Amino acid sequence: PEWKSMGVTIVLTVVLGVLGFGGIGHIYLGKIFKGIVVLIVGIILLIIAIFTMGIGLIALIPFAIWVVYDSYKLCKYYNNHLEQTGKSPW
């Protein structure tokens, strides 16, 4: 297993998160199921925000902030675990 780049994780999460694909950062880290769930929820919230003419942003913005924080936290955990044990944590 290789280290996961914090920069790549954040760029994938933020840049693609703007388009409703924030779960790509989780998939990059190896959390496939969680990434797919985040993708689906993000797309649903984006569609709601579009059809409600922005009112759905009330839910989308906090969700997006949580996704970025969670991917940052997971990347840190992944790299720390890899450094200590030499193995991927999942």
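Lys-73 and Asp-70 are three residues apart in helix 4, a separation of about one helical turn. Helices here are DSSP runs of H or I with at least four residues, numbered from the N terminus. The structure is a predicted model, in which local features need pLDDT of at least 70 and side-chain atom pairs count only at pLDDT 80 or more, whereas totals for chains, interfaces and linings use all residues. Residues are numbered from 1 along each chain as its sequence is written, and side-chain values use heavy atoms, with hydrogens and water left out.

Lys-73 forms a salt bridge with Asp-70, with 3.7 Å between the closest N and O atoms; a salt bridge is defined as a side-chain nitrogen of Lys or Arg within 4 Å of a carboxyl oxygen of Asp or Glu. Lys-73 is partly exposed, at a relative accessible area of 40%. Buried denotes under 20% relative accessible area, exposed over 50%, and partly exposed the range in between (1.4 Å probe, protein chains only).

Asp-70 is buried, at 3% relative accessibility, while Lys-34 is partly exposed, at 28%. Through shared partners, the salt bridges join Lys-34, Asp-70 and Lys-73 into one network.

Conventions
Helices (H or I, at least four residues) and strands (E, at least two) are DSSP runs, numbered from the N terminus.
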